[in-house]
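Please read them with the coordinates open.

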Amino acid sequence: MLEAKNLSKNYGHYTALSQLNLSIEAGEVFCLLGANGAGKTTTIHLFLNFIEPSEGEARVNGRSVVDAPHLARAELAYIPERVNVYDQLTGVENLDFFAQLGGQRHGRSELLDYLSQVGLPARAAYQRVATYSKGMRQKVCLAIALAKQARALLLDEPTSGLDPKAANEFIQLLGDLAERGVAILMATHDLFRAREVGHRVGIMKQGHLLETVPTSSISATDLEKLYLQHMHD
Ligand SMILES: Nc1ncnc2c1ncn2[C@@H]1O[C@H](COP(=O)(O)OP(=O)(O)OP(=O)(O)O)[C@@H](O)[C@H]1O
């Protein structure tokens, strides 16, 4: 569903991403771990076609995001670290607005149903988003992904700034989405949650994907050890 083929990004002589090869299947959660500046956000931005690759290709459902930007974007949902929904609109109004941008029109009860599926009660749905916590804003974004029937979801540090309960709830929701067949690529510093929700984790450093590990084969302690080993090499 999400595929990177020799995907690279240079800024002048600086290599932000080098020869990334990665394939994420429908229903799979892949977590990218790495220090600041490792190339995680660059990878996500390349999939979103926000920036052009210097070499290689990012593909969504088999199509290059450069060659078919509209088709690729229709299949993708994106949650940046700073969730960008409109403060002055209510949750349900935001959902309606973004779903329509994605070409989907839904009735009021359907919109409320999407919000309730991600754990946002009707009472909150009618409040302006300005009053929401980060966790509640993220839920609106997940509801947008559902309403848009996105096939893939890209997330940049979704659990940063969430309290442990909100982070746990959010991670559960991601698991539910994956079970519905959505391919998920998540950049995170949260090793613990990456192991919890991810089917595989990838460790990145200075633009290189150094190692990919299935989470079923590694304990949290060993994952941390492996991560630190790579960071110290
Ligand atoms: N427009 C740009 N011009 C020059 N260098 C850039 C540009 N955008 C990103 N970079 C550099 O590319 C490298 C990779 O950045 P990226 O944002 O992908 O890292 P990251 O792994 O997401 O880090 P973080 O954990 O801090 O979010 C960094 O060294 C960054 O400074």
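1. Glu57 is found in strand 4, residues 55-60, where helices (H or I, at least four residues) and strands (E, at least two) are DSSP runs numbered from the N terminus. The model is a predicted one, in which local features need pLDDT of at least 70 and side-chain atom pairs count only at pLDDT 80 or more, whereas totals for chains, interfaces and linings use all residues. Residues are numbered from 1 along each chain as its sequence is written.

2. Glu57 is partly exposed, with 16 other C-beta atoms within 10 Å; a residue is called buried if 20 or more other C-beta atoms lie within 10 Å of its own, exposed if 12 or fewer, and partly exposed in between, with C-beta atoms placed from the backbone. Not counting residues up to four places away in sequence, Glu57 touches Lys5, Leu7 and Ser64, contact being defined by C-beta atoms, placed from the backbone, that lie within 7 Å. Between Glu57 and Lys5 the C-alpha to C-alpha separation is 5.2 Å, although they are 52 residues apart in sequence.

3. The ligand is surrounded by a set of residues that includes Tyr11, Tyr14, Asn36, Lys40, Thr41 and Ala187, the criterion being a C-beta atom, placed from the backbone, within 6 Å. Strand 2 (14-24) and helix 1 (40-47) are the elements that give two or more residues to this shell, and helix 1 gives the most, with three residues.

4. In helix 4 (residues 108-117), the residues Leu111, Leu112, Tyr114 and Leu115 are buried. Viewed down the axis of helix 4, its buried residues fall within an arc of 155°, so they line one face of the helix; the arc is that of the directions from the helix axis to the C-beta atoms. The cover over these buried residues includes helix 3 (91-101), helix 5 (122-125) and helix 6 (134-147). Helix 4 is followed by Gly119, whose phi is positive, near 85°.

5. The largest nonpolar core has 71 residues, and those with the most contacts inside it are Leu95, Leu115, Ala143, Ile144, Ala152, Leu153 and Ile184; such a core is a set of buried Ala, Val, Leu, Ile, Met, Phe, Trp, Tyr and Cys residues joined through C-beta atoms within 7 Å. Helix 6 gives the most to this core, with nine residues. Leaving aside neighbours within four places in sequence, Ala152 is in contact with residues including Met1, Val60, Glu75 and Val182.

Methods:
Two residues are in contact if their C-beta atoms, placed from the backbone, lie within 7 Å.
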